[in-house]
Amino acid sequence: MKKLTIILSAFLVLTAFATFDAWKNDKPHSQLGFTVTHLGIADISGTFNDFDVTVTSSKPDFSDAVFELTTNVASIDTRVEPRNKHLKSADFFDAEKYPTITFKSTSLKEESKDKYKLTGNLTMHGITKPVTMDLKYRGTIENPMTKVRTTGFQLTGSINRMDFSIGSKFPPPMLSDEVVIKADGEFVVK
């Protein structure tokens, strides 16, 4: 019991000096996009329109940030409704069985000023794999309209859809295995 009391006291003392801000994505000013190559000749892009991201950090430069994402698979939008419906089906994402995509970062390594390698666990289609993406910190300002501190990030990289058994009936060149990810977000403290 004494050991537990000492551990809890040490934890409280250490956390008393660290203040963590939780930033949430400002939905009208954030997007989560992807691109695949169709038939080896044309890029087709889409978005997930319903997603939430939380960034937790105690440092103003976000060098200790933890990123968490949850995406509603049924919100996929490629601007073609029959294609959206097919992507939600068991041929691809199986949105009914696997309704969310999640990501939680495990490390953030600075590459150069405001540029990082973000690594974390991506869960999609019931499969969890580690992925690493490029993250650019775009700054923090006071929004002139709302007077609220607002920060921005851009995430880029790619994943292999076959690692997550997405659309395995559709091999290249019908659809590229590589899926390019680009996400942009504005975040405010909640």
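Is Asp-114 buried, partly exposed or exposed? Asp-114 has a relative accessibility of 24%, so it counts as partly exposed (buried means under 20% relative accessible area, exposed over 50%, partly exposed in between, with a 1.4 Å probe and protein chains only).

Before going on, keep in mind that this is a predicted model: local features need pLDDT of at least 70, side-chain atom pairs count only at pLDDT 80 or more, and totals for chains, interfaces and linings use all residues. Residues are numbered from 1 along each chain as its sequence is written, and side-chain values use heavy atoms, leaving out hydrogens and water.

Now for the salt bridges (a side-chain nitrogen of Lys or Arg within 4 Å of a carboxyl oxygen of Asp or Glu). Side chains of opposite charge can pair when their charged atoms come close. The count here comes to nine, and the table shows some of them.

| Salt bridge | N to O distance |
|---|---|
| Lys-113 and Asp-114 | 3.6 Å |
| Lys-117 and Asp-134 | 2.5 Å |
| Arg-161 and Asp-177 | 3.7 Å |

Lys-113, the partner of Asp-114, is exposed at 67% relative accessible area. Arg-161 is buried, at 4%, while Asp-177 is partly exposed, at 24%. There's also a network of salt bridges linking Lys-27, Asp-50 and Asp-52.

What does Leu-39 touch, leaving aside its neighbours within four places in sequence? Leu-39 is in contact (heavy atoms within 4.5 Å) with Pro-173 and Met-174. Leu-39 and Pro-173 sit 134 residues apart in sequence, yet their C-alpha atoms are 4.9 Å apart in space. Leu-39 itself is partly exposed, with a relative accessible area of 47%.
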